[in-house]
Amino acid sequence: MITVTKEFTWDMAHMLACHEGLCKNVHGHTYKMQVEVAQRSGEVLSLPKQSEDGMVIDFKKLKDIVSAYIIEPLDHAFMYWVESPDTFEHELAVLLKKHNKKIASVTYKPTAEQMAKAFLEILQKELSKYNIIVKGVAVWETPTSFAKAVEV
Ligand SMILES: [Zn+2]
């Protein structure tokens, strides 16, 4: 099987409610993400005939889809966990909304693990329309720390 992988970065703020360490505070990361995809058939690409492009997916198309569904909604936003047990997070979200600041509301605790899982699900849904499966989504919070969700 041949897979192709594209890398993305964005800047975003978050906080981890009820976390013991520093991450309970509002802070930001330059996130990095790798999205690995393959053709649904799982077949090794044969040498392209004249009518075929010899690609798993055009990198530009992959970029456009990932940008539209993941990067653009998140870049320079505060990721707001709508079920956060920390009232400060809700008060902050209200304040940000009042001042027309960018918020990305999610139903999960905004850890790299949960983001990878959520992004994998979003991209599986969108890319399946093009006969593409997402093999894995890896999300880096720092240059040395990442979580990866894989297709099962
Ligand atoms: Zn963080």
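Visitor: Why is Asn100 called exposed?

Guide: Exposed means over 50% relative accessible area, buried means under 20%, and partly exposed is in between (1.4 Å probe, protein chains only). Asn100 reaches 71% relative accessibility, so it counts as exposed. Please keep in mind that this is a predicted model, in which local features need pLDDT of at least 70, side-chain atom pairs count only at pLDDT 80 or more, and totals for chains, interfaces and linings use all residues. Residues are numbered from 1 along each chain as its sequence is written, and side-chain values use heavy atoms, with hydrogens and water left out.

Visitor: Where does Asn100 sit, and what is its phi?

Guide: Asn100 belongs to the loop between helix H2 (87-98) and strand E4 (103-106). Helices (H or I, at least four residues) and strands (E, at least two) are DSSP runs, numbered from the N terminus. Phi of Asn100 is positive, about 55 degrees, although Asn100 is not a glycine. Most residues other than glycine have a negative phi.

Visitor: What about Asn131: why is that residue called partly exposed?

Guide: Its relative accessible area is 44%, which is why Asn131 falls in the partly exposed class. You will find Asn131 in the loop between H3 and strand E5 (132-142), and its phi is also a positive value, near 65 degrees.

Visitor: What makes H1 oblique to H3?

Guide: The axes of helix H1 (residues 59-74) and helix H3 (residues 112-127) come within 11 Å and cross at roughly 140 degrees. Axes are lines fitted to C-alpha atoms, for helices over the stretch in contact, and angles run from 0 to 180 degrees between N-to-C directions. Under 35 degrees counts as roughly parallel, over 145 as roughly antiparallel, 65 to 115 as roughly perpendicular, and the rest as oblique. An angle of roughly 140 degrees therefore makes H1 oblique to H3.

Visitor: Which residues make the contact between H1 and H3?

Guide: H1 brings Leu62, Ile65, Val66, Tyr69, Ile70 and Leu74, while H3 brings Phe119, Ile122, Leu123, Glu126 and Leu127. Contact here means heavy atoms within 4.5 Å. These residues divide into 10 nonpolar, no polar and 1 charged. Ala, Val, Leu, Ile, Met, Phe, Trp, Tyr, Cys and Pro count as nonpolar, Asp, Glu, Lys and Arg as charged, and the others, Gly among them, as polar.

Visitor: How many aromatic pairs does the structure hold?

Guide: There are 3 aromatic pairs.

Visitor: Why is the pair of Trp10 and Tyr31 called stacked?

Guide: Rings of Phe, Tyr and Trp (its six-membered ring) pair if their centres lie within 6.5 Å; planes under 30 degrees apart are stacked, over 60 edge-to-face, and the rest tilted. The ring centres of Trp10 and Tyr31 are 5.2 Å apart and the planes are at 10 degrees, so this pair is stacked. Trp10 lies in strand E1 (residues 4-14) and Tyr31 in strand E2 (residues 27-39), so the pair ties together parts 21 residues apart in sequence.

Visitor: How do you know whether Trp10 and Tyr31 are buried or exposed?

Guide: With a relative accessible area of 2%, Trp10 is buried; with 0%, Tyr31 is buried too. Ring pairs also link Trp10, Tyr31 and Phe119 into a cluster.

Visitor: What makes Trp140 and Phe146 a stacked pair?

Guide: Their ring centres lie 4.3 Å apart and their planes are at 25 degrees, so the pair is stacked. Trp140, at 11% relative accessibility, counts as buried, whereas Phe146, at 48%, is partly exposed.
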